[in-house]
Amino acid sequence: PRLKFPSRYEIVYRSPPREHGLGHPFQLGHHEHSDAPGMADKIELDVREGDWVVMGTDGLFDNLGEEGIAERVLSANLRIQVDGQSARSACGWASRALLTDAYDASISRVGV
């Protein structure tokens, strides 16, 4: 199902979680039990002008959820359309804001 947001924005694709089993997600790393990058799903999507592609780990999606992420993307889009920022600048701002938001959400849950 697509999640709709104000105006014409919607989430058009969401990759399924990759897990070996419940609570055992795929993990990239450099230890002997790491999953290989070649195990990743390979997909092709049509991307049009004005689309935003958000890639992240469970640390982003679990801590912020789709609505929290969409709020930042919409804010970044306003920076382009209203404030005249470049797409590169707005994407950099969105990346830093999402990183900070996810971190803040993760530490606020410590000890809960």
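Student: Why is R18 called partly exposed in this predicted model?

Tutor: R18 has a relative accessible area of 30%. Buried means under 20% and exposed means over 50%, so R18, at 30%, is partly exposed.

Student: What makes R18 and D41 a salt bridge?

Tutor: The side chains of R18 and D41 meet at 2.7 Å, N to O. The cut-off is 4 Å between a side-chain nitrogen of Lys or Arg and a carboxyl oxygen of Asp or Glu, so the pair qualifies. R18 lies in the segment before β1 and D41 in the loop between β2 and α1, 23 residues apart, and the pair links distant parts of the chain.

Student: Why is D41 called partly exposed?

Tutor: The relative accessible area of D41 is 47%. Exposed requires over 50% and buried requires under 20%, so D41 is partly exposed.

Student: How do you know that the charged end of R18 sits over the ring of F26?

Tutor: The distance from the charged end of R18 to the centre of the F26 ring is 4.2 Å. The definition asks for CZ of Arg within 6 Å of the ring centre and within 35 degrees of the ring normal. The distance meets its limit, and the contact is listed as a charge over a ring.

Student: Which ring does the charged end of R79 sit over?

Tutor: The charged end of R79 sits over the ring of W93, 3.9 Å from its centre.

Student: How many salt bridges does a search of the whole structure find?

Tutor: Three. One of them joins the side chains of E66 and R14 at 2.2 Å, N to O. E66 is in helix α1 and R14 is in the segment before β1, 52 residues apart.

Student: What makes E66 and R14 partly exposed?

Tutor: E66 has 25% relative accessibility and R14 has 39%. Buried is under 20% and exposed is over 50%, so E66 and R14 both count as partly exposed.

Student: How do you know that D101 forms a salt bridge with R72?

Tutor: The closest N and O atoms of D101 and R72 are 2.6 Å apart, and the limit is 4 Å, so the contact counts. D101 is in helix α2 and R72 in helix α1, 29 residues apart.

Student: Is D101 buried or partly exposed?

Tutor: D101 has a relative accessible area of 21%. Buried means under 20%, so D101 is partly exposed. R72, at 24% relative accessibility, is also partly exposed.

Student: What makes L60, L64, I69, V73, L98, A102 and A105 a nonpolar core?

Tutor: A nonpolar core takes buried nonpolar residues joined through side-chain atoms within 4.5 Å. These seven residues form the largest such core. The elements giving two or more residues to this core are α1 (58–81) and α2 (87–108). The largest share, four residues, comes from α1.

Student: Why are V12, Y13, I43, L45, V47, V53 and M55 called a patch?

Tutor: A patch takes residues with over 30% relative accessible area and no salt bridge, with nonpolar side chains joined within 5 Å. These residues form a nonpolar patch on the surface, with about 720 Å² of accessible area together. V12 lies in the segment before β1 (19–21).

Methods: Residues numbered from 1 in each chain as written. Predicted model: local features only at pLDDT ≥ 70, side-chain atom pairs only at ≥ 80, totals over all residues. Heavy atoms only, no water. Patch = residues over 30% accessible without salt bridge, like charges linked within 9 Å, V, L, I, M, F, W, Y side chains within 5 Å. Areas by Shrake-Rupley, 256 points an atom, 1.4 Å probe, with all protein chains shown as cover. Buried < 20%, exposed > 50% of the residue type's maximum accessible area, 1.4 Å probe, protein only.
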